[in-house]
Amino acid sequence: MIRVSSAAKAIVAGLAAGAAAVGTAIQDGAFTTGEAVTAALAVLSALGITYAVPNRAEEADRVTPGRGI
């Protein structure tokens with residue numbers, strides 16, 4: 001199984017949140033200061049929250065031969 005670090009998943013979440021906020025903001029053809037602040041806050045919030053939540057601990061396989069489901 002591939003391990004994804006907390007930093008990597010936080011960066012991806014920040015990029016996704018920023019892209020969504022900027023994509024929504026430029027729909028009217030203008031990018032105002034308020035929209036820029038909203039996009040920045042979305043990126044920072046996604047980075048912080050995603051980094052703070054720990055990855056789930058790896059468990060043994062739920063289905064192993066001879067043990068049933």
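Helices here are DSSP runs of H or I with at least four residues, strands are runs of E with at least two, and both are numbered from the N terminus. I am working on a predicted model, where local features need pLDDT of at least 70, side-chain atom pairs count only at pLDDT 80 or more, and totals for chains, interfaces and linings use all residues. Residues are numbered from 1 along each chain as its sequence is written, and side-chain values use heavy atoms, without hydrogens and water.

Entry on Ala-16. I found Ala-16 in helix H1. Ala-16 counts as partly exposed because its relative accessibility is 48% (buried is under 20%, exposed over 50%, partly exposed in between, with a 1.4 Å probe and protein chains only). Its C-alpha atom is 8.1 Å from that of Val-43, 27 residues away along the chain.

Entry on Ile-49. I placed Ile-49 in helix H2. With 57% relative accessibility, Ile-49 is therefore exposed. Ala-10, 39 residues away in sequence, is 8.0 Å from Ile-49, C-alpha to C-alpha.

Entry on the helix pair. I looked up the axes of H1 and H2, which come within 8 Å and cross at roughly 160° (lines fitted to C-alpha atoms, for helices over the stretch in contact, with angles from 0 to 180 degrees between N-to-C directions). H1 and H2 are therefore roughly antiparallel (over 145 degrees; under 35 is roughly parallel, 65 to 115 roughly perpendicular, the rest oblique).

Entry on the loop. I located Ile-26 in the loop between H1 (6-25) and H2 (33-52). Ile-26 is partly exposed, at a relative accessible area of 46%.
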